[in-house]
Amino acid sequence: MQVDSEPAKIKYAVQIPFASEKYAETAMRTIGVEPAFTDGKIKKTSITRVMEIQVLEDGIAYLQVSFECNAADANQMRTCASSFYTNMMLVCETLAAFGT
């Protein structure tokens, strides 16, 4: 019997379109300040986040965000994704109100 030493992984990815590369960079820098997730009790997590920007020929920029964690941390992944969307909504609302 062969035992796989690596735990099962969960991956989650999302693409958010922005009108310009400048807006996508602002969102990425703003979201990137905070860690993807930190458990307040044990102060560690297996969740990793990777963010990158893809600019299309028509000038539309996509912020691509991917999260990955061990399957045992699935509940933390749900909390992480929820927090990400809340923060991204605030960033988008701020860009809409003040961005130029």
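**Figure 1. Overall fold of the predicted model.** Helices (H or I, at least four residues) and strands (E, at least two) are DSSP runs, numbered from the N terminus. The model is predicted, with local features requiring pLDDT of at least 70 and side-chain atom pairs counted only at pLDDT 80 or more, whereas totals for chains, interfaces and linings use all residues. Residues are numbered from 1 along each chain as its sequence is written, and side-chain values use heavy atoms, with hydrogens and water left out. The chain contains two helices and three strands, arranged along the sequence in the pattern β-α-β-β-α. Of its 100 residues, 29% are buried (under 20% relative accessible area with a 1.4 Å probe, protein chains only; exposed is over 50%, and partly exposed lies in between). Among contacts (heavy atoms within 4.5 Å) between residues at least 6 apart in sequence, 65% join residues at least 24 apart.

**Figure 2. The three-stranded open sheet.** The strands follow the order β1-β3-β2, with antiparallel pairing (a pair requires at least two DSSP bridges between the strands). Strands β1 and β2 form the edges, each pairing on one side only. From one strand to the next, the twist averages 15 degrees (axes are lines fitted to C-alpha atoms, for helices over the stretch in contact, and angles run from 0 to 180 degrees between N-to-C directions). Strand β3, residues 61-70, is mostly covered, with seven of its 10 residues buried.

**Figure 3. Pairing of β1 with β3.** Strand β1 spans residues 9-18 and joins β3 in the antiparallel sense through 10 bridges. Within this pairing, I10 has C69 of β3 as its bridge partner, and K11 stands opposite E68 in β3.

**Figure 4. Pairing of β2 with β3 and the hairpin between them.** Strand β2, residues 48-55, runs antiparallel to β3 and is joined to β3 by eight bridges. The bridge partner of I53 in β3 is L63. Five residues lie between the two strands of this hairpin, where G59 adopts a positive phi near 90 degrees.

**Figure 5. Placement of the helices on the strands.** Helix α1 lies across β1, β2 and β3, and runs at about 170 degrees to β2. Helix α2 lies across β1 and β3, and runs at about 10 degrees to β1.

**Figure 6. Crossing of α1 and α2.** The axes of α1 (residues 21-32) and α2 (residues 74-98) come within 10 Å and cross at roughly 135 degrees. Helix α1 is therefore oblique to α2 (angles under 35 degrees count as roughly parallel, over 145 as roughly antiparallel, 65 to 115 as roughly perpendicular, and the rest as oblique). Residues Y23, T26, A27, T30 and I31 of α1 meet F84, N87, M88, V91 and L95 of α2. The contact comprises seven nonpolar, three polar and no charged residues (nonpolar: Ala, Val, Leu, Ile, Met, Phe, Trp, Tyr, Cys and Pro; charged: Asp, Glu, Lys and Arg; polar: the others, Gly among them).

**Figure 7. Surroundings of L95.** Residue L95 belongs to helix α2 and counts as buried because its relative accessibility is 13%. Apart from neighbours within four places in sequence, L95 is in contact with F18, Y23 and T26. The C-alpha atoms of L95 and Y23 are separated by 7.3 Å, although these residues are 72 residues apart along the chain.
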